[in-house]
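Here is a short report on the backbone and packing of one model. Read it alongside the coordinates.

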Amino acid sequence: MSTVAPSPAELREQVNAFLVHEADLADRHRYDDWLALWSPDGIYWVPCNEDDYDPARHVSIIYDDYGRLEERCFRLNSEAAHSQDPPSRLCRIIGNEHVSHDLVGDVRVRANMILVEVRSGEKNVYGARLEYMLLPEGDSFKIRQKKVVLLDNDEPLGNLTFLL
Amino acid sequence: MTAVEGQDVGYSSLIEEGRVHSAVFTDESIFEAELERIFYTYWVFLAHESEVAEPGDYCRKSIGRHSIVVARGTDGQVRAFFNRCRHRGTTVCRYEHGNAEFFRCPYHGWTYSNRGPLIGVPFPSRYDSDFDKGDIGLVPVPRLDHYRGFYFASLAEDGPSLIEHLGRSADYIDMFTQASPTEKIELSAGVSKSNFHGNWKFVGMDGYHVSFTHKTVQDLQVRRTGNAESRKTNSDRAPNLTVDLGGGHCRLDLSLTDRVEIGKATSSLIGEIPDTDAGRQYLAAMIERWGSEAEAYAKIRGSRDVHVHVWPNLQLIGSEVRVIRPLSSGYTEVFGYPAMLGGVPDQINERRLRGYEWFNGVAGFGSPDDREVFERNQIGLQSDKEPWLILSRGLTKAEVRDDGVVVGNITDEVTQRAQLRQWSKAMR
């Protein structure tokens, strides 16, 4: 931990490179490589119905700890995940990033995402606000929390078994 | 396009013992008849009392294409109304849930109390003297009744009572609530909404598909429990059962391979009772309520293995209250409410939520694969050169008990035949 803290501009650049890399792994269904980005205390949260609440008392679309993330990737890697056979074709743009430090040294990122999914003759567009808590590691990061606030999280949805 | 075109009656000719015609799932005129003869006639599940717990609480629901407001009036009574202003038909309730003393139409400001009466009409002087607000309150659904806090509505003025309609399925509503030491559940954790391009009747009870559609779930269960028995719950040699309860109600009985023990890993979708202070506290409360440890475990197992379809639109599965919303022959919405238990430590309900999300919802490890199959069914059924589907599994091997209940192996199509027989009766 003798590294010199990056300047704000360097930090923004590192965060941007990381988010673009993560987006690319998710779009290409590289599940094991995507899982390797996570910290063992990571939480992958896609809220349901509302944007913020106590997940101990309210159902979520996804509320994965690392163990369940690993199960998710195991399932998607298997031959029998019918809802991703064939896999969705995905393309996402991450933008409007806002980077800050919190008190314990994690990097907080807010960003917007537009994701286009094509599968079974249908094209779906998902808009979401992203919130990350990133643990600095060298000149990159591990994900401690990724929260995906879908604009339509209170509407009937179809198949969200790909990585958001 | 179909065998039934031009016929006024004769839907029952589409169901034979052991097979069903694909028009039952694809024909839009049949769907319109289903709305009238099933969803606008029979008792359908509407809401749970916990969704309108306090005076003034309301929730917006639907019955077929009808938008319905369920409201607990300031007098404490639960009522259900068509969500339609008597003036020009605008919906008066905009939000899915909330608390309000009155509903005001946004169009011309007509205002109704949460008990239904019209209490305000702006600029009344231009109406004639015989214009009587007392005649034009929100229209109540013809019949509303509840069983153990589950509110059902019937749009038919007359007919069997709710308890007559529920028949034997009422026992499983009891069992569902008995994992709570206070026998109370609450739909306080929100709703997981999904849709699929397929017929509503695909959301049935099928014990045969599990090893194939849900192979990944079984693989994960085996990884988690270290026990290959998880793969053997739904085979022709498993002791588990399919049960026709009569009246279209049916269930899968998966309790015969389920064992409940504190701290013991399980293939149950709810997960084990944790060997923690909260887990032991829960078990102690259940023993206090049910008299012995054996009985407490039996109630917990009974609840998580209920797996019942209360015909036509309600299922209780594991921790889920699942409501089927038919919108066309080829489009359906499914609303899943994880039921929280009354009188238990928070950690127990939190685990129910995480267990719920593991299988259910649009990003779970189970339900999306069902959805995939339902959509492929709907596409496949368009090819109706040979229109009959085969539902003969266990037809002569299932046991018909003295009380009329039919019981088959878990992979038998007892449940599908139970529902289609009732469908045939309702559609006559």
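Predicted model: local features only at pLDDT ≥ 70, side-chain atom pairs only at ≥ 80, totals over all residues.

Residues are numbered from 1 along each chain as its sequence is written, while chains are lettered from A and ligands numbered from 1 in the order in which they are written.

**Chain A against chain B**

Contact is set by C-beta atoms placed from the backbone: two residues touch if theirs lie within 7 Å. By that rule, 26 residues of chain A are in contact with 30 residues of chain B. On the chain A side, two elements give two or more residues: strand 2 (60–64) and helix 3 (66–77). Helices (H or I, at least four residues) and strands (E, at least two) are DSSP runs, numbered from the N terminus. Strand 2 of chain A has the largest share, with 4 residues. By class, this side of chain A holds 12 nonpolar, 10 polar and 4 charged residues. Here Ala, Val, Leu, Ile, Met, Phe, Trp, Tyr, Cys and Pro count as nonpolar; Asp, Glu, Lys and Arg count as charged; the others, Gly among them, count as polar.

**Domains of chain B**

Chain B is divided into domain 1 (44–159) and domain 2 (167–426). Those bounds come from an automatic or database domain assignment. The C-alpha centres of the two domains of chain B lie 33 Å apart. Their contact takes 10 residues from domain 1 and 15 residues from domain 2. On the domain 1 side, strand 3 (residues 44–48) of chain B gives the most, 3 residues. That side has 4 nonpolar, 4 polar and 2 charged residues.

**Helix 10 of chain B**

Helix 10 (residues 367–381) of chain B has 15 residues and should span 21 Å at 1.5 Å a residue; its end C-alpha atoms are 21 Å apart, which agrees. The expected span is 1.5 Å times one less than the number of residues. Is this helix mostly covered or mostly open? Helix 10 of chain B is mostly covered, with 11 of its 15 residues buried. A residue is buried if 20 or more other C-beta atoms, placed from the backbone, lie within 10 Å of its own, exposed if 12 or fewer, and partly exposed in between. Among the buried residues are B:D369, B:R371, B:F374 and B:L381. The cover includes helix 1 (23–26), strand 14 (192–196), helix 5 (210–213) and helix 9 (346–359) of chain B.

**Backbone details**

Positive phi values follow. B:F123 is not a glycine, yet its phi is near 50°. B:F123 sits in the loop between strand 10 (118–120) and strand 11 (143–147) of chain B. B:F123 counts as exposed because it has 8 C-beta neighbours inside 10 Å. C-alpha to C-alpha, B:F123 and B:R223 are 70 Å apart in space and 100 residues apart in sequence.

B:E183, also not a glycine, has a positive phi of about 55°. Its loop runs between helix 4 (169–177) and strand 13 (185–186) of chain B. B:E183 is partly exposed, because 17 other C-beta atoms lie within 10 Å.
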